[in-house]
Amino acid sequence: MLSDRNYMGNPFKNSQDKARSGLKCVFILLGINVLMYFLLEPPTKEQMYQYLLGNPSEHVKIYNLFLLTPDGIKHFYLWQLITTMFMHGSIGHLFMNMFALFMFGTMVAPIMGMRRFLWMYMLSGIAGNLLWLAFNFSSGGGILGASGAVFGILMTAAMLQPDREVILLLLPFPMKVKTLVIIYAILETVSQFSNAQGNIAHLGHLGGLIGAYLYLKFAYNYQVQWDPFQALWKKAGLFKGMKPRKGKGWKVKSYDVKDYQKSDGGYKDGMVTQKELDRILDKISEHTINSLTEEERNTLKRAREQMKSQKR
(Lines give C-alpha, C1' and ligand atoms only; values in the text may rest on other atoms or scores of the structure.)
Protein backbone atom coordinates (compact mmCIF):
# COMPACT_ATOMS: atom_id res chain seq x y z
CA MET A 1 0.00 0.00 0.00
CA LEU A 2 1.17 3.54 -0.69
CA SER A 3 0.50 4.60 2.86
CA ASP A 4 2.88 1.92 4.14
CA ARG A 5 5.88 3.62 2.60
CA ASN A 6 7.87 5.48 5.22
CA TYR A 7 8.65 8.43 2.95
CA MET A 8 5.11 9.22 1.84
CA GLY A 9 4.86 11.90 4.51
CA ASN A 10 7.44 13.94 2.60
CA PRO A 11 8.47 12.36 -0.73
CA PHE A 12 11.19 15.01 -1.24
CA LYS A 13 12.96 14.36 2.05
CA ASN A 14 15.69 12.05 0.70
CA SER A 15 16.61 14.50 -2.05
CA GLN A 16 16.59 17.44 0.33
CA ASP A 17 18.74 15.60 2.88
CA LYS A 18 21.26 14.65 0.20
CA ALA A 19 21.49 18.22 -1.07
CA ARG A 20 21.89 19.63 2.44
CA SER A 21 24.55 17.10 3.40
CA GLY A 22 26.47 17.76 0.18
CA LEU A 23 26.47 21.51 0.70
CA LYS A 24 27.42 21.01 4.33
CA CYS A 25 30.44 19.00 3.20
CA VAL A 26 31.56 21.85 0.92
CA PHE A 27 31.45 24.39 3.74
CA ILE A 28 33.20 22.02 6.15
CA LEU A 29 36.04 21.56 3.66
CA LEU A 30 36.24 25.33 3.19
CA GLY A 31 36.50 25.79 6.95
CA ILE A 32 39.17 23.12 7.37
CA ASN A 33 41.31 24.61 4.60
CA VAL A 34 41.11 28.13 6.03
CA LEU A 35 41.77 26.88 9.57
CA MET A 36 44.77 24.82 8.47
CA TYR A 37 46.26 27.80 6.65
CA PHE A 38 46.32 29.91 9.81
CA LEU A 39 47.46 27.01 12.00
CA LEU A 40 50.26 26.06 9.60
CA GLU A 41 51.22 29.34 7.96
CA PRO A 42 54.01 29.11 5.37
CA PRO A 43 57.46 29.70 6.89
CA THR A 44 58.85 33.23 6.61
CA LYS A 45 62.03 33.97 4.66
CA GLU A 46 63.98 34.19 7.89
CA GLN A 47 62.68 30.81 9.05
CA MET A 48 63.57 29.26 5.70
CA TYR A 49 67.04 30.83 5.87
CA GLN A 50 67.61 29.31 9.28
CA TYR A 51 66.28 25.99 7.98
CA LEU A 52 68.85 26.00 5.16
CA LEU A 53 71.56 26.72 7.74
CA GLY A 54 70.50 23.63 9.66
CA ASN A 55 68.66 25.48 12.45
CA PRO A 56 64.99 24.82 11.75
CA SER A 57 62.46 26.40 14.08
CA GLU A 58 59.70 24.35 15.71
CA HIS A 59 57.22 25.84 13.26
CA VAL A 60 59.24 24.67 10.29
CA LYS A 61 59.63 21.19 11.79
CA ILE A 62 55.87 20.86 12.27
CA TYR A 63 55.20 22.37 8.84
CA ASN A 64 57.47 19.85 7.14
CA LEU A 65 55.80 17.06 9.07
CA PHE A 66 52.50 17.73 7.27
CA LEU A 67 53.88 18.87 3.90
CA LEU A 68 54.11 16.13 1.26
CA THR A 69 57.74 15.48 0.28
CA PRO A 70 59.48 12.47 -1.25
CA ASP A 71 61.68 12.30 1.84
CA GLY A 72 58.62 12.16 4.08
CA ILE A 73 57.11 9.28 2.09
CA LYS A 74 60.46 7.46 2.23
CA HIS A 75 60.15 7.71 6.02
CA PHE A 76 56.57 6.33 5.75
CA TYR A 77 54.86 9.61 6.68
CA LEU A 78 51.91 8.47 4.62
CA TRP A 79 49.52 10.93 6.26
CA GLN A 80 51.23 13.64 4.20
CA LEU A 81 49.25 12.45 1.16
CA ILE A 82 46.16 13.86 2.91
CA THR A 83 47.40 16.64 5.17
CA THR A 84 49.20 18.46 2.35
CA MET A 85 45.81 18.85 0.61
CA PHE A 86 44.78 21.29 3.34
CA MET A 87 47.93 23.43 3.24
CA HIS A 88 48.54 26.47 1.02
CA GLY A 89 51.54 28.59 0.21
CA SER A 90 49.87 32.00 0.31
CA ILE A 91 46.58 33.81 0.80
CA GLY A 92 46.23 34.09 -2.98
CA HIS A 93 46.77 30.35 -3.39
CA LEU A 94 44.18 29.65 -0.70
CA PHE A 95 41.64 32.09 -2.15
CA MET A 96 41.78 30.70 -5.70
CA ASN A 97 41.37 27.11 -4.54
CA MET A 98 38.57 27.95 -2.12
CA PHE A 99 36.77 30.02 -4.74
CA ALA A 100 36.84 27.04 -7.13
CA LEU A 101 35.81 24.65 -4.35
CA PHE A 102 32.80 26.82 -3.55
CA MET A 103 31.87 27.50 -7.18
CA PHE A 104 32.00 23.95 -8.52
CA GLY A 105 31.47 22.14 -5.22
CA THR A 106 28.07 23.72 -4.69
CA MET A 107 27.23 22.62 -8.23
CA VAL A 108 27.81 18.89 -7.75
CA ALA A 109 27.75 18.22 -3.99
CA PRO A 110 23.92 18.47 -3.75
CA ILE A 111 23.67 15.78 -6.43
CA MET A 112 26.24 13.46 -4.87
CA GLY A 113 25.59 13.91 -1.18
CA MET A 114 28.22 14.26 1.53
CA ARG A 115 29.72 10.76 1.49
CA ARG A 116 30.18 10.46 -2.26
CA PHE A 117 31.39 14.03 -2.68
CA LEU A 118 33.95 13.58 0.10
CA TRP A 119 35.21 10.33 -1.44
CA MET A 120 35.64 12.04 -4.79
CA TYR A 121 37.39 15.03 -3.20
CA MET A 122 39.86 12.96 -1.22
CA LEU A 123 40.63 10.45 -3.97
CA SER A 124 41.19 13.23 -6.50
CA GLY A 125 43.62 15.01 -4.19
CA ILE A 126 45.49 11.81 -3.37
CA ALA A 127 45.65 10.87 -7.07
CA GLY A 128 47.19 14.25 -7.85
CA ASN A 129 49.75 13.83 -5.09
CA LEU A 130 50.67 10.32 -6.21
CA LEU A 131 51.11 11.37 -9.84
CA TRP A 132 53.38 14.21 -8.75
CA LEU A 133 55.36 11.83 -6.53
CA ALA A 134 55.80 9.34 -9.36
CA PHE A 135 57.74 11.94 -11.38
CA ASN A 136 59.46 13.71 -8.49
CA PHE A 137 60.43 10.92 -6.12
CA SER A 138 64.10 11.78 -6.38
CA SER A 139 63.65 15.51 -5.96
CA GLY A 140 64.07 17.51 -2.80
CA GLY A 141 60.92 19.56 -3.24
CA GLY A 142 57.39 19.22 -1.98
CA ILE A 143 53.79 19.76 -3.02
CA LEU A 144 50.92 21.38 -1.15
CA GLY A 145 47.45 22.70 -1.82
CA ALA A 146 43.93 21.55 -2.62
CA SER A 147 44.39 22.02 -6.37
CA GLY A 148 44.30 18.30 -7.17
CA ALA A 149 41.01 17.88 -5.31
CA VAL A 150 39.61 21.06 -6.86
CA PHE A 151 40.45 19.84 -10.36
CA GLY A 152 38.67 16.61 -9.42
CA ILE A 153 35.57 18.64 -8.58
CA LEU A 154 35.86 20.39 -11.94
CA MET A 155 36.00 17.05 -13.76
CA THR A 156 33.00 15.82 -11.77
CA ALA A 157 31.00 18.93 -12.68
CA ALA A 158 31.84 18.38 -16.35
CA MET A 159 30.79 14.72 -16.28
CA LEU A 160 27.56 15.34 -14.36
CA GLN A 161 26.53 18.71 -15.84
CA PRO A 162 28.63 19.14 -19.01
CA ASP A 163 26.48 21.78 -20.69
CA ARG A 164 26.07 24.01 -17.66
CA GLU A 165 27.63 27.41 -18.32
CA VAL A 166 29.89 29.23 -15.87
CA ILE A 167 31.73 32.55 -15.83
CA LEU A 168 35.19 32.64 -14.26
CA LEU A 169 36.97 35.61 -12.71
CA LEU A 170 39.53 35.88 -15.51
CA LEU A 171 37.16 34.98 -18.36
CA PRO A 172 34.18 37.35 -18.39
CA PHE A 173 32.04 35.29 -20.78
CA PRO A 174 29.99 32.09 -20.32
CA MET A 175 31.65 28.77 -21.04
CA LYS A 176 30.39 25.21 -20.76
CA VAL A 177 31.96 23.19 -17.96
CA LYS A 178 33.08 20.40 -20.31
CA THR A 179 34.82 22.99 -22.52
CA LEU A 180 36.56 24.40 -19.47
CA VAL A 181 37.87 20.95 -18.51
CA ILE A 182 39.21 20.32 -22.00
CA ILE A 183 41.00 23.69 -22.02
CA TYR A 184 42.48 23.15 -18.57
CA ALA A 185 43.62 19.61 -19.42
CA ILE A 186 45.42 20.87 -22.53
CA LEU A 187 47.00 23.81 -20.71
CA GLU A 188 48.19 21.66 -17.81
CA THR A 189 49.68 19.05 -20.16
CA VAL A 190 51.48 21.66 -22.25
CA SER A 191 52.69 23.52 -19.15
CA GLN A 192 54.03 20.32 -17.59
CA PHE A 193 56.28 19.62 -20.55
CA SER A 194 57.31 23.21 -21.12
CA ASN A 195 60.43 24.81 -19.70
CA ALA A 196 58.54 27.39 -17.65
CA GLN A 197 56.63 25.43 -15.05
CA GLY A 198 57.26 27.84 -12.18
CA ASN A 199 55.98 26.76 -8.79
CA ILE A 200 52.79 25.19 -10.13
CA ALA A 201 52.46 21.40 -9.78
CA HIS A 202 50.74 20.68 -13.09
CA LEU A 203 51.03 16.94 -12.53
CA GLY A 204 48.99 17.35 -9.36
CA HIS A 205 46.24 19.07 -11.35
CA LEU A 206 46.24 16.38 -14.04
CA GLY A 207 46.20 13.69 -11.37
CA GLY A 208 43.12 15.29 -9.81
CA LEU A 209 41.31 15.22 -13.15
CA ILE A 210 42.26 11.58 -13.67
CA GLY A 211 41.33 10.57 -10.12
CA ALA A 212 37.83 12.04 -10.36
CA TYR A 213 37.31 10.54 -13.82
CA LEU A 214 38.21 7.04 -12.64
CA TYR A 215 36.05 7.41 -9.54
CA LEU A 216 32.97 8.34 -11.57
CA LYS A 217 33.76 5.93 -14.40
CA PHE A 218 34.23 2.78 -12.35
CA ALA A 219 32.46 3.39 -9.06
CA TYR A 220 29.15 4.66 -10.39
CA ASN A 221 28.15 2.45 -13.27
CA TYR A 222 29.25 4.79 -16.04
CA GLN A 223 25.99 6.70 -15.54
CA VAL A 224 27.31 10.14 -16.41
CA GLN A 225 26.18 12.69 -18.96
CA TRP A 226 29.62 13.21 -20.52
CA ASP A 227 32.62 10.91 -20.78
CA PRO A 228 35.67 12.63 -22.35
CA PHE A 229 37.20 9.28 -23.26
CA GLN A 230 34.07 7.46 -24.41
CA ALA A 231 35.12 7.47 -28.06
CA LEU A 232 38.54 6.10 -27.08
CA TRP A 233 37.06 3.23 -25.07
CA LYS A 234 34.64 2.44 -27.87
CA LYS A 235 37.37 2.39 -30.49
CA ALA A 236 39.59 0.21 -28.32
CA GLY A 237 36.73 -2.17 -27.64
CA LEU A 238 37.08 -1.83 -23.87
CA PHE A 239 34.12 -2.24 -21.52
CA LYS A 240 32.12 -3.72 -24.38
CA GLY A 241 29.16 -5.63 -23.08
CA MET A 242 29.86 -4.63 -19.50
CA LYS A 243 26.61 -3.86 -17.74
CA PRO A 244 26.33 -1.38 -14.90
CA ARG A 245 26.21 -3.08 -11.54
CA LYS A 246 23.01 -2.84 -9.59
CA GLY A 247 22.79 -1.02 -6.34
CA LYS A 248 22.94 2.49 -5.04
CA GLY A 249 24.44 5.36 -6.94
CA TRP A 250 22.94 8.25 -8.85
CA LYS A 251 21.70 8.10 -12.42
CA VAL A 252 22.47 11.31 -14.18
CA LYS A 253 20.76 10.41 -17.42
CA SER A 254 17.92 12.72 -18.30
CA TYR A 255 14.32 11.65 -18.12
CA ASP A 256 11.93 12.18 -20.98
CA VAL A 257 8.15 12.35 -21.07
CA LYS A 258 8.29 9.61 -23.71
CA ASP A 259 9.78 7.28 -21.11
CA TYR A 260 6.79 7.98 -18.91
CA GLN A 261 4.35 7.34 -21.72
CA LYS A 262 6.02 4.06 -22.69
CA SER A 263 6.16 2.73 -19.15
CA ASP A 264 3.52 0.34 -17.93
CA GLY A 265 3.20 2.46 -14.79
CA GLY A 266 1.12 5.60 -14.63
CA TYR A 267 -2.54 5.41 -13.82
CA LYS A 268 -4.78 2.44 -13.50
CA ASP A 269 -8.46 3.18 -13.03
CA GLY A 270 -7.47 6.68 -12.01
CA MET A 271 -5.04 5.42 -9.34
CA VAL A 272 -1.28 6.01 -9.17
CA THR A 273 0.52 2.68 -9.29
CA GLN A 274 3.33 1.73 -6.95
CA LYS A 275 5.75 1.33 -9.86
CA GLU A 276 5.14 4.83 -11.19
CA LEU A 277 5.44 6.37 -7.74
CA ASP A 278 8.73 4.53 -7.15
CA ARG A 279 10.10 5.86 -10.43
CA ILE A 280 9.23 9.46 -9.60
CA LEU A 281 10.57 9.23 -6.04
CA ASP A 282 13.81 7.71 -7.31
CA LYS A 283 14.13 10.56 -9.78
CA ILE A 284 13.65 13.12 -7.00
CA SER A 285 16.23 11.36 -4.85
CA GLU A 286 18.78 11.39 -7.66
CA HIS A 287 18.12 14.75 -9.32
CA THR A 288 16.09 16.84 -6.83
CA ILE A 289 12.51 17.99 -7.27
CA ASN A 290 13.46 20.49 -9.97
CA SER A 291 13.97 17.64 -12.44
CA LEU A 292 10.27 16.68 -12.43
CA THR A 293 8.01 17.44 -15.36
CA GLU A 294 4.64 19.07 -14.80
CA GLU A 295 2.95 15.74 -15.43
CA GLU A 296 5.11 14.03 -12.81
CA ARG A 297 4.31 16.76 -10.28
CA ASN A 298 0.62 16.17 -10.89
CA THR A 299 1.17 12.45 -10.40
CA LEU A 300 2.73 13.10 -6.98
CA LYS A 301 -0.21 15.29 -6.05
CA ARG A 302 -2.63 12.51 -6.99
CA ALA A 303 -0.56 10.02 -4.97
CA ARG A 304 -0.84 12.20 -1.88
CA GLU A 305 -4.60 12.50 -2.30
CA GLN A 306 -4.76 8.75 -2.84
CA MET A 307 -2.82 8.11 0.36
CA LYS A 308 -5.09 10.42 2.34
CA SER A 309 -8.19 8.68 1.06
CA GLN A 310 -6.76 5.29 2.08
CA LYS A 311 -6.22 6.51 5.63
CA ARG A 312 -9.84 7.62 6.08
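In the predicted model, helix α8 passes helix α9 in a left-handed crossing. The axes of α8, which spans residues 177-192, and α9, which spans residues 202-219, come within 9 Å and cross at roughly 145°. On the α8 side, the contact is made by Ala185, Glu188, Thr189, Ser191 and Gln192, while α9 contributes His202, Leu203, His205, Leu206 and Leu209. By residue class, the contact of α8 with α9 divides into four nonpolar, five polar and one charged.

Side chains of opposite charge can pair when their charged atoms come close. The structure holds five salt bridges, among them the one that Glu58 forms with Lys61, in which the closest N and O atoms are 3.6 Å apart. Both residues belong to helix α3 (residues 58-66), and because Glu58 and Lys61 are three residues apart in this helix, about one helical turn separates them.

Technical notes. Residues numbered from 1 in each chain as written. Predicted model: local features only at pLDDT ≥ 70, side-chain atom pairs only at ≥ 80, totals over all residues. Heavy atoms only, no water. Axes fitted to C-alpha atoms, helices over the stretch in contact; angles between N-to-C directions. Helix = DSSP H or I, 4+ residues; strand = E, 2+ residues; numbered from the N terminus. Left-handed = near helix turned anticlockwise from the far one by under 90°. Contact = heavy atoms within 4.5 Å. Nonpolar A, V, L, I, M, F, W, Y, C, P; charged D, E, K, R; others polar. Salt bridge = Lys/Arg side-chain N within 4 Å of Asp/Glu carboxyl O.
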